[in-house]
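Let's take a walk through a protein chain together. Have the sequence and the 3D view ready, and follow along as we go.

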Amino acid sequence: MDVTLHLSQDPEADELLGRSPLAALVGMLLDQQVPMEWAFKGPRTIADRLGADDLDAHDIAAQDPETFAALLSEKPAVHRYPGSMAKRVQQLCQYLVEHYDGDAGAVWKDVSSGKELLGRLGELPGFGRQKAQIFLALLGKQLGVRPTGWREAAGSYGEPKSFRSVADITGPESLVKVRAHKQEMKAAAKAAKTAKAGHPAKAPKTAEAAEATEAAEK
């Protein structure tokens, strides 16, 4: 795994994401309730604060929880909720150590189908179905991991030439399009919630609205 990604819009952070399976997984884990660039810059920041050139699952799993939380909380914080996310990052690394000997890339190595890959990703701590599908789409679209049926397993996120998620970000222009799509999803989810509560506002009957409603309920 050695490709050029543009998820954080920071060259050094993106370089790490493109060569480190664990960094990519941690970035995906952090991608919630903060801007996408902030989330995917996190792995580089963590590595720097650990004095390393890459993330190591064994090392992170063995860190004292309070010390690791403090490391993520240093300003600028790695996440809006650095304490809780530090716990999740450690849980992810502990799982990888237990099930894959700390090798994050082994999660998708030698999988026979997109369905199998989705199942493996969905078993990772902090990865619900939606996050698993987005990461599967990222693997397929940008990282060359394309087992049979990967697009179908990724759902709408696997659609070619779409701008639904980080899987579709290849530069500043596509980042703007993905962000616009996310804003549309939030608006649709809000409208759907209002309609469900019995208010007169109606949710847009579109695929985006359904996707937004599903995301809001997760």
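A quick word on the ground rules. This is a predicted model, in which local features need pLDDT of at least 70 and side-chain atom pairs count only at pLDDT 80 or more, while totals for chains, interfaces and linings use all residues. Residues are numbered from 1 along each chain as its sequence is written, and side-chain values use heavy atoms, with hydrogens and water left out.

Let's begin with helices (DSSP runs of H or I with at least four residues, numbered from the N terminus). Find helix α1, residues 11-19, and helix α3, residues 36-49: their axes come within 8 Å and cross at roughly 90 degrees. Here an axis is a line fitted to C-alpha atoms over the stretch in contact, and angles run from 0 to 180 degrees between N-to-C directions. That makes α1 roughly perpendicular to α3, a label for angles of 65 to 115 degrees. On the α1 side, E12, A13, E15, L16, L17 and R19 meet F40, K41, P43, R44 and A47 of α3; contact means heavy atoms within 4.5 Å. Sorted by class, this contact has six nonpolar, no polar and five charged residues. Nonpolar covers Ala, Val, Leu, Ile, Met, Phe, Trp, Tyr, Cys and Pro, charged covers Asp, Glu, Lys and Arg, and the others, Gly among them, are polar.

Now move to helix α2 (residues 21-30), which packs with helix α8 (residues 129-142) at an angle of about 140 degrees, the axes being 11 Å apart. That makes α2 oblique to α8, the word for angles that are not under 35 degrees (roughly parallel), over 145 (roughly antiparallel) or 65 to 115 (roughly perpendicular). The residues that meet are A24, L25, M28 and L29 in α2 and K131, I134 and F135 in α8. They divide into six nonpolar, no polar and one charged.

Next, the backbone. Most residues other than glycine have a negative phi, and most peptide bonds are trans. Q9, in the segment before α1, has a positive phi near 65 degrees. Q33 also has a positive phi, about 65 degrees, and sits in the loop between α2 and α3. Q9 is partly exposed at 31% relative accessible area, whereas Q33 counts as exposed at 52%; buried means under 20%, exposed over 50% and partly exposed in between, using a 1.4 Å probe and protein chains only. Then there is a cis peptide bond between K75 and P76, with omega about -5 degrees. P76 lies in the loop between α5 (65-73) and α6 (82-100).

Side chains of opposite charge can pair when their charged atoms come close. The rule asks for a side-chain nitrogen of Lys or Arg within 4 Å of a carboxyl oxygen of Asp or Glu, and the count comes to 10. One of them joins D53 and R19, with the closest N and O atoms 3.1 Å apart. Since D53 lies in the loop between α3 and α4 (57-62) and R19 in helix α1, the pair ties together parts 34 residues apart in sequence. E15, R19 and D53 are linked in a network of salt bridges.

E37 pairs with R179, at 2.6 Å between the closest N and O atoms. This pair links distant parts of the chain, helix α3 and helix α10 (residues 172-196), 142 residues apart. E116 and R120 meet in a salt bridge too, at 3.2 Å from N to O. These two are four residues apart in helix α7 (residues 114-122), so about one helical turn separates E116 from R120. E116 is partly exposed at 29% relative accessibility, while R120 is buried at 19%.
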